[in-house]
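Here are a few notes on ring contacts and charge pairs, for you to read alongside the model.

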Amino acid sequence: QAYASAPMSLPSRVGLLTGCYPAHNGAYKVDTVQGLPQEGQTLGEYMHEGGYATAMIGKWHAGGEFTEWQRPENRGFERTFYWHDSTHDYWSADTGRTNTWGAVGYAPIYNQGTPIEHYDTGYLTTDIAQHTLDFVDDNHHRPFFLYVCHHCSHRPLQVPREVYDKYAELGHERSLTA
């Protein structure tokens, strides 16, 4: 059996990362002001202190202001590839574009703490998978903790052309930008 500490993504992530009920940290909904607390340790910090190689890849979105102590690289994760807000464009890492699809935010994507200008593969889901595989390849010989939060279930719903064409006959409209 598996359980989540909340029915929404941000509170559930805060619960997983802290080991506390999300409400204990003021994380009740997706646009919560509070979230990951400054005090206390995260699962990443515990694992890192225990000698594990650690990585955080994908959607960070742990609430609160995005201060230095909120960044995953400062919360026990040695390797990082992430963005802080709720959602992101699948085709463009360019944060200067106008957000036209009603997302909560449009934050930079960081690779090892540095904002990136484009995806290595051209598509966010593929980049998340590639960073995940690279981490496993680099650390398969030692204990590791890998925290991956895919973005696939979040809008905008953008897919590669070959996936769109495969399911186009079903008649569902999807945001396709490449």
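1. A word on exposure to start: buried means under 20% relative accessible area, exposed over 50%, and partly exposed in between (1.4 Å probe, protein chains only). This is a predicted model, where local features need pLDDT of at least 70, side-chain atom pairs count only at pLDDT 80 or more, and totals for chains, interfaces and linings use all residues. Residues are numbered from 1 along each chain as its sequence is written, and side-chain values use heavy atoms, with hydrogens and water left out.

2. Asp138 is partly exposed, with 42% relative accessible area. Asp138 makes a salt bridge (a side-chain nitrogen of Lys or Arg within 4 Å of a carboxyl oxygen of Asp or Glu) to Arg79, with the closest N and O atoms 2.6 Å apart. Arg79 is also partly exposed, at 24%.

3. The model has 4 salt bridges. Another one of them joins Arg71 and Glu73, at 2.7 Å from N to O. Arg71 counts as buried at 9% relative accessibility, while Glu73 is partly exposed at 24%.

4. Now the rings, which pair if the centres of Phe, Tyr or Trp (its six-membered ring) lie within 6.5 Å; planes under 30 degrees apart are stacked, over 60 edge-to-face, the rest tilted. That gives 7 aromatic pairs. Among them, Trp60 and Phe77 sit edge-to-face, 6.1 Å centre to centre with 80° between the planes. Both of these residues, Trp60 and Phe77, are buried.

5. Phe77 also pairs with Tyr147: the planes are at 25° and the centres 6.1 Å apart, so this pair is stacked. Tyr147 is buried, as is Phe77. Ring pairs join Trp60, Phe77, Phe145 and Tyr147 into a cluster.
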